[in-house]
Amino acid sequence: MRQTIAIIAIALVSFTSTAQDIFGKWQTIDDNSGEAKSIIEIYEREGKVYGKILKIMNQDIQDARCTECSGKDKDQLLIGFELIRGLEKDGDTYEDGKIIDPENGKVYKCYIELDEDDKLKIRGYIGFAIIGRTQYWNRVVEP
């Protein structure tokens, strides 16, 4: 009996430790071209979720800045730019935060959730989630 309980406990621990979450590095895909655009790192800070740009794939814009942004974000370098801010976990989704589109400086409400273990669904919207845009990012698998 003890062996059976031990085996079940080990199996449960193994399963929960391999379950995927939203944290880590994600590759963004351009809506129009379908090509990889950047690498975003999603992380937790003080109980909330944030995401910043780690890498821009286009070598020609490595020094690009958020020229259309306002306030403290105005003219910030895109590499290191925190575009996802203040999301809170609610069941399987993270919501009640915002996302900034660094191409136009617009700020949107945001929620994110795993679509699959290696695919993240990001929805930016104004007002109601039904009015917005969804992107899917792919998990970066590091050696």
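Trainee: What is the volume of the largest pocket?
Mentor: The largest pocket has a volume of about 710 Å³. A pocket here is an open set of points on a 1 Å grid over the protein atoms alone, where a 1.4 Å probe fits, with protein on both sides within 12 Å along at least five of seven lines; lining residues have an atom within 4 Å of a point. The volume is the space filled by probe spheres set on the points, with grid points joined across faces, edges and corners. Keep in mind that this is a predicted model: local features need pLDDT of at least 70 and side-chain atom pairs count only at pLDDT 80 or more, while totals for chains, interfaces and linings use all residues. Residues are numbered from 1 along each chain as its sequence is written, and side-chain values use heavy atoms, with hydrogens and water left out.

Trainee: Which lining residues are closest to the centre of the largest pocket?
Mentor: Those are K37, D101, P102, R133 and Q135, out of 31 lining residues. Strand 1 (24-29), strand 2 (36-45), strand 3, strand 5, strand 7 and strand 8 each give two or more residues to that lining. Strands are DSSP runs of E with at least two residues, numbered from the N terminus.

Trainee: And how does that lining split by class?
Mentor: The lining of the largest pocket has 17 nonpolar, seven polar and seven charged residues. Ala, Val, Leu, Ile, Met, Phe, Trp, Tyr, Cys and Pro count as nonpolar, Asp, Glu, Lys and Arg as charged, and the others, Gly among them, as polar.

Trainee: What about the second largest pocket, which residues line it?
Mentor: Its lining is Q20, D21, I22, K89, G91, D92, Y94, E113 and L114. The second largest pocket has a volume of about 160 Å³, and its lining divides into three nonpolar, two polar and four charged residues.

Trainee: Is D96 buried or exposed?
Mentor: D96 is exposed, at 60% relative accessible area, while D75 is partly exposed at 35%. Buried means under 20%, exposed over 50%, and partly exposed in between, using a 1.4 Å probe and protein chains only.

Methods:
Helix = DSSP H or I, 4+ residues; strand = E, 2+ residues; numbered from the N terminus.
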